[in-house]
Amino acid sequence: MKNLKMSVKLSMILVLVFIMVMGSGFSAIKGMKTISSQADDALEEEVRNQYDESIRQQVDNAISMLDQYYAAYEAGECTLEEAKKQGADMLRELRYGDSGYFWADDTEGNNIVLLGSDTEGTNRMGTKDGNGYEMVKDIIAVGQQPDGGYCDYVFPKEDGTENLPKRSYSRLYEPFGWVIGTGNYTDYIDEIVDGEKQIVDDTRNTWITRMVFITVILFLITIVLIIYIIIDTTGWMKKAVGYAQKLESGDMTGRSATGRLKRKDEFGILERALNSMAGTFDQVLGGVKGHGVELAEDVDAVMGHLNELNDEISSVSAATQELSASMEETAASAQQIETISHQIETVSKNIAVRAQDGAEKVVNIHQRAEKAKRDTESNYQNAKNMKAEISGSLEQALEEAKVVEQIEVLAQSIMGITAQTNLLALNASIEAARAGEAGKGFAVVADEIRSLAEQSRGTVENIQQVTQKVTGAVQNLADDSSRLLAFVAEDVSDSFHQFSDIADAYNQDAADVNEMVTDFSAISEELLASIDGVIQSINDVSKASNEGANGTNEIAQRASMIVQKSEDVLSVMNEVGKASGEMREMVQKFTITEKKSQEKTEEK
């Protein structure tokens with residue numbers, strides 16, 4: 001698909017539209033024929049169902065009318081034979097519609113009612129229709145089904161010889177043992193169905209004709225529109241491709257026609273973009289061609305200056321390197337003297353620092369001894385206060401724990417109530433037994449009360465056991481608390497006094513050590529001050545030598561860097577010269593508007 005021309009693709013779309021239209025038309029016509037056929041079948045089924053329902057209702061009406069005669073028999077107003085005779089006379093005279101009537105046969109085939117004809121009283125079980133079908137036999141058979149049944153056969157009309165279709169419905173009337181039936185010719189149904197089918201077919205054919213006509217018109221319009229689009233698209237594409245090929249060859253002088261630039265669709269947008277691109281390239285390439293020669297001459301001049309500058313910098317770099325070597329030797333000697341002086345200074349500073357650290361540590365020891373003494377006195381006072389608080393709280397807790405004894409008293413009271421309840425339940429059971437049947441409900445209540453009393457006794461016994469355990473635990477707590485308070489009052493207080501004495505002795509020792517460290521620190525400071533003077537003098541000499549050496553080295557390094565950078569710039573300029581020549585050769589193949597080129601040159 002990617003390699004096909006636009007005209008071929010559009011032609012394929014046209015063919016696809018034709019196939020879609022034709023396929024849709026054939027599918028629609030086929031669907032309409034199918035729908036009309038289904039409508040004909042549904043119409044015929046509806047008409048025949050209406051006919052079946054009509055004759056069934058007529059038989060049901062006749063049977064309901066026979067019920068009144070059988071009801072008279074059951075009421076004793078007449079005999080069964082009289083009721084049957086009255087019912088037969090009613091059926092014989094009963095009519096509906098233009099020619100609807102009823103007949104009745106017993107289950108053996110003996111005719112009871114048939115329009116008062118000679119057939120009445122005879123057996124017609126073997127009667128056949130025009131096609132040899134024993135219709136009466138099937139009418140009686142289907143009539144004995146629970147809901148009755150239908151039967152189809154052919155029979156000529158009165159005063160006629162042609163066999164025409166008839167359809168009957170029959171149902172058994174059990175009180176008399178009769179199969180009541182009715183029916184009629186159904187040829188008129190075929191006429192109705194054929195007429196309705198003809199109307200549906202005419203309507204279908206009319207709509208098919210209209211649809212075909214509309215489809216053809218729309219298809220022709222679509223073909224014309226697609227052909228126009230193909231012609232317009234391919235024509236513009238040929239022009240656009242020719243314009244693009246002209247730009248590809250390097251000719252920037254051409255421009256799109258004004259008519260093509262005014263189009264509002266995507267083609268117009270593309271045409272304007274190509275036109276704008278050609279104008280932009282024309283300006284850019286004109287400027288590049290105008291200044292290509294100037295750029296090449298400037299590059300040659302810069303390269304000449306860079307070569308001269310590179311030679312001068314190389315001479316300066318060599319002289320600077322020789323000076324740097326002499327300064328480095330002087331700096332090395334000064335560095336050795338400075339190193340020895342620094343070692344002496346380091347040792348002196350270490351002595352002074354150690355002395356100062358010792359003094360600070362002695363001060364810290366003294367401060368910790370003072371803090372330890374204060375903390376000991378504070379902890380001793382806190383212990384005394386805590387002992388007094390715990391003693392008071394313990395006495396109050398022991399006093400409150402005596403409430404457990406009241407629980408024991410309450411448990412004894414509940415046990416007494418339980419015993420009384422048991423006795424009351426027993427008396428109630430005795431009274432219920434005396435009351436006999438009337439006291440059964442009260443006996444159940446008495447049993448439940450006795451059961452509740454037994455459960456209460458078990459619960460009270462558990463409460464007494466728990467109370468005894470709680471009382472023992474409280475007594476143990478009181479004993480342990482008393483021993484703890486005695487330990488705090490005696491052993492802990494003595495320990496606090498001993499610790500306070502130790503802190504005083506520790507503090508005195510710290511004061512003596514502090515005095516000795518102070519004297520040693522003063523001597524170290526005097527020694528360090530003397531050494532600092534010597535080191536300062538050596539540092540001045542070393543600093544001057546190092547600065548000279550560093551300055552010289554830096555000059556040499558910078559000179560080397562300048563030489564390197566100059567060589568790099570020279571290399572870059574060589575590349576620029578090559579690129580300028582290549583660019584000049586590349587733009588020579590483009591054809592541009594000379595006027596624009598001259599304007600760009602004058603502006604530069």
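How much space lies in the largest pocket? In this predicted model, the answer comes to about 780 Å³. Rolling a probe the size of a water molecule over the atoms shows where empty space is left. Here a pocket is an open set of points, on a 1 Å grid over the protein atoms alone, where a 1.4 Å probe fits, with protein on both sides within 12 Å along at least five of seven lines. The volume is the space filled by probe spheres set on those points, which are joined across faces, edges and corners.

The largest pocket is lined by 29 residues, and those closest to its centre are Ser99, Tyr101, Lys166, Gly183 and Tyr185. A lining residue has an atom within 4 Å of a point. At least two lining residues each come from helix 1 (6–74), helix 3 (135–143), strand 3 (149–156), strand 5 (178–185) and helix 4 (187–248). These elements are DSSP runs numbered from the N terminus (helices: H or I, at least four residues; strands: E, at least two). The lining divides into 15 nonpolar, eight polar and six charged residues. In this scheme Ala, Val, Leu, Ile, Met, Phe, Trp, Tyr, Cys and Pro count as nonpolar, Asp, Glu, Lys and Arg as charged, and the others, Gly among them, as polar.

Next come the salt bridges. There are twelve of them, each a side-chain nitrogen of Lys or Arg within 4 Å of a carboxyl oxygen of Asp or Glu. In helix 1, Arg56 and Glu53 are three residues apart, about one helical turn, and their closest N and O atoms are 2.5 Å apart. Both are partly exposed, Arg56 with a relative accessible area of 26% and Glu53 with 32%; buried means under 20%, exposed over 50%, and partly exposed in between (1.4 Å probe, protein chains only). Glu53 and Arg56 also belong to a network of salt bridges with Asp60 and Arg171.

Helix 2 (residues 80–93) holds another pair, Asp89 and Lys85, four residues apart. Their closest N and O atoms are 3.4 Å apart. Lys85 is exposed at 56%, while Asp89 is partly exposed at 31%. Glu120 and Arg92 form a salt bridge as well, at 3.0 Å. This pair links distant parts of the chain, 28 residues apart, with Glu120 in the loop between strand 2 (111–114) and helix 3, and Arg92 in helix 2. Arg92 is buried, at 18%.

Residues are numbered from 1 along each chain as its sequence is written. In this predicted model, local features need pLDDT of at least 70 and side-chain atom pairs pLDDT 80 or more, while totals for chains, interfaces and linings use all residues, and side-chain values use heavy atoms, with hydrogens and water left out.
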